[in-house]
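Here are some notes for a colleague who is opening this structure for the first time. Please keep the sequence and the model side by side while reading the points below.

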Amino acid sequence: MFEINLALLLTEAVEAGARTTNDLPRAVALARSALARIPPWHPDRPGYLASAATVLGDAVNADAVAAETLEEALAWQRESVEGTSEDHPHYASRLSGLSNRIAQAVLAGLRPAAGYAEAVRLARLALEHTPPGHPDRPSFASNLGAVVEEAVQFGALPDTAMDEAREAAREAYDSAPGGAPARVGYASNLATLLAAAHRPEDYDEALALARYCVAQVPEGHPARPTHLSNLSSLIADLVREGVVEPQDLSKALAEAIETGEQALAGTSEANPRRAAHESNLATALGLAVRRGAAPPARLTDVLRLATAAADRTPASHPDRAVYLTNLMLALEEAVKADVLTGREAADRAMAVIADFRQLVLYTVSSPVQREAVLRTCEGLVAAATPLVTAGAGAAEGIRVAEGVRNLAVGADRIPDLPAGSVPPELAARHRAAVEAHRSAQQRFAAGLEDLAGTAGPQEELTAVLTEIRRRLPGGGPSRPGDLPTLAELAAHLPDASTAVYLVPGAEDADGRALLLDRAGTVRQVPLPGLSEERVGGWVNRLLEGPHHALAVQGLLWEVAMEPLLRAVGPAHGEACGAADWILVPLGHLSMLPVHAAGTPEEWFDDRVAVRVVPSLTRLAPPAAPPASGAPLVATSGAPDLPFLPADRAVAEHLLPSASGPGAVVRARTRDDALTGLAEASSAVLGGHARHSLRHGAGLDLDDGPVTAEHLWRLPVRDRDVAFVTGCSSAQVAGTLVDEVVGLPSALLRAGFRGVFATLWPVSDATAFITLAHLLQLRRDRPDLAPHLLLHEVRRTLRTLTTRELRHWLAELASHLPVPPDTTARLEAFLTPYGGGATPLADPKDWAAFAYVGR
């Protein structure tokens, strides 16, 4: 008893600043000795275990012992909880302690971020077991706020959980006695959470709390560097948010740099928090350079600090995504300031990208976490291709463009190892780990497994891949996470086709096009004016409504497609299909109708047969069995879409393998549609579509929307094409734009050859006419590639007269059971036009549908 009490006293004395951290190894030794003396059956053993785990955890936090010893603390704390009954007065404190230790292990890189699921559950239980007014409740509330905030940050909980975190942190701070030493920690947690909300009304309180923490902790106290670094980070956030007045900018940034430097000076090289302090200081310095408050030469320090933060952080650490992104952005700034050459920056960027791919593909343990990491790394993804292309050339730019895209569901596409590249026993272990990881991901997506259940398979996969990368040094066979080679990408291209990567410049910089042909030949074409800033403006205009389509198409033609055609394109009058371009738009260009650029005098569609793909890898048929089911026709019963019955009629008779209602699966609800899609060989989906900036388009059926998230759960099968006729059904999410999240990409992932869908709101009549023409041409010319079908149909729609449309419908109705009122409805649509008019000549009509796929 005396040993464990002395260990706790030493730890508390260090926390209060009365003793130095040099006493902590002695405290740990005393705790171990006390545990060794108390037998497993002793009723006091759970208390000893909890105390020893606290001592060891605090010693790790203070960098007095190695972080790896947290495994021992975790085992002690877990044994303590298991040996304590729920009605025991210390049960809640031991739950909270275990929650703390798990979160600490995640931050130290010893556990995956999925560990937060258990940490949050335990923290909630501890608070539930503790009534208001209990002296321990502020501590438990503070712990809950901290672990929930970290869990949200690293993708283990949704963003909405931040309200719970702020409420818990507020309770802890408000209910703690004014002189309690722990109140400083509660204030720090509350300051962090208030700043994370980005609400202007909270900034003054957050800053006051951060300054209070620094003022309350004396020099030499082990917690002082953390409070200084937090203050530095908060001031930098306020500058970025525009809260600091221009006349106070230099003073604020000088304080951020000074406090950041003090924090780093007080943090040893081995301290687990040093990487965070390096990153915070690098951020403050970089911001000062960008705002003119520090000379460009300080970017050398930014690069050194950002590199050190990334290098010292293990792959599984939740903050690694932040550090890699900061390093990439620092490289971008260093090139602009001539601190690095373009080639030097590109070479270093390639290493960052390799680490980023390793992190996203193999280290995070669920699709939810992967999305969180990708959101953190949006800046890295946006900077990667332009930076590498400028410094290392078009070939490396193409590899990077492919390598940083389409990673949101990457765990389902872990590649096989090259045959014979590793010993058989390691190859077998890799296969087993991949299968267990994939299975865990699928169970999580289907709601059959919680996040904690994905942690074990992820840990094993990470361990296997670490060993494989150790045995496969660079320059040998492809290692897991390596970028695709140019030859691998070119092999996906059909003969006589050209891949065109459209790369907008970062911020207001000029863009470029990167071209790759089947032979592996690469070239690039500068596109002045094609910047992310301008592209973002075009997207906003298009989202306002289809009446802006013509203006946006004209800008795309003027800035991108006409200069590109002038440099490399076909001459006027070439036959349809002679020039076959496969467009891969990067950044927010993926939200624009690049296929329909042009003016009423000249359309890109007249010059080139084009299809759009999110990645050249999507040109390869899936390695999966053929779909075994019938075609699906799923449409809602929306009464304000009067042509939907006609859509159903033509789909049921003209879809491949369909010969009438009995040969297709009909669905009106989401559940029925998803059931039918599981083995559908082709599909038509119709109804109102909704657009979400986070999830892309979704299609409303009678019991709710079908979204990309639902479609990601479909089994992969080799399938024909799908048609989605709802308004804006091809639109992708406005965030994670290089993931191209939306209905088309999700259907491609399920194995559909390609998807026809609309880029903006389209009239019900136009959707019906386009769908019927596509299905008719698909029936009459089954050998014609889908993108060429749409190319032909778009050209037809532009020239069809009112008279020809009436004749077409009459002919269609004579062969198919089109609903009787369809003729009257089409007549109402055509009435405003004369017999020789072309009612679909406006690009908002003929260009509304795009094709995505192979």
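1. Helix 31 covers residues 786–799, and its 14 residues reach 21 Å from the first C-alpha to the last, where helices (H or I, at least four residues) are DSSP runs numbered from the N terminus. That span is close to the 20 Å expected at 1.5 Å a residue, the expected value being 1.5 Å times one less than the number of residues. The model is a predicted one, in which local features need pLDDT of at least 70 and side-chain atom pairs count only at pLDDT 80 or more, while totals for chains, interfaces and linings use all residues. Residues are numbered from 1 along each chain as its sequence is written, and side-chain values use heavy atoms, with hydrogens and water left out.

2. How much of helix 31 is covered? Ten of its 14 residues are buried, which makes helix 31 mostly covered; buried means under 20% relative accessible area, exposed over 50%, and partly exposed in between, with a 1.4 Å probe and protein chains only. The buried residues of helix 31 include P786, H787, L788, L789 and L790, and also V793 and L797.

3. Just after helix 15, D338 takes a positive phi of about 60°.

4. Helix 16 (residues 342–363) and helix 18 (residues 378–392) have axes that come within 8 Å and cross at roughly 140°; axes are lines fitted to C-alpha atoms, for helices over the stretch in contact, and angles run from 0 to 180 degrees between N-to-C directions. Helix 16 and helix 18 are therefore oblique to each other, given that angles under 35 degrees count as roughly parallel, over 145 as roughly antiparallel, 65 to 115 as roughly perpendicular and the rest as oblique. Their crossing is left-handed, a term used if the near helix is turned anticlockwise from the far one by less than a right angle, with clockwise giving right-handed. On the helix 16 side the contact includes A345, A349, I353 and F356, and on the helix 18 side it includes L380, A384, L387 and V388, contact meaning heavy atoms within 4.5 Å.

5. Helix 30 (residues 764–780) and helix 32 (residues 802–815) pack at an angle of about 60°, with their axes 12 Å apart. This pair is therefore oblique too, and helix 30 passes helix 32 in a left-handed crossing. The contact is made by F768, I769, A772, H773 and Q776 of helix 30 together with L805, W808, L809 and L812 of helix 32.

6. G220 and G286 are 66 residues apart in sequence and 28 Å apart in space, C-alpha to C-alpha.

7. How many disulfides does the model contain? The count comes to zero, a disulfide being a pair of cysteine sulfur atoms within 2.5 Å. Among the cysteines, C213 is buried with a relative accessible area of 1%, and C377 counts as buried at 0%.

Conventions:
Helix = DSSP H or I, 4+ residues; strand = E, 2+ residues; numbered from the N terminus.
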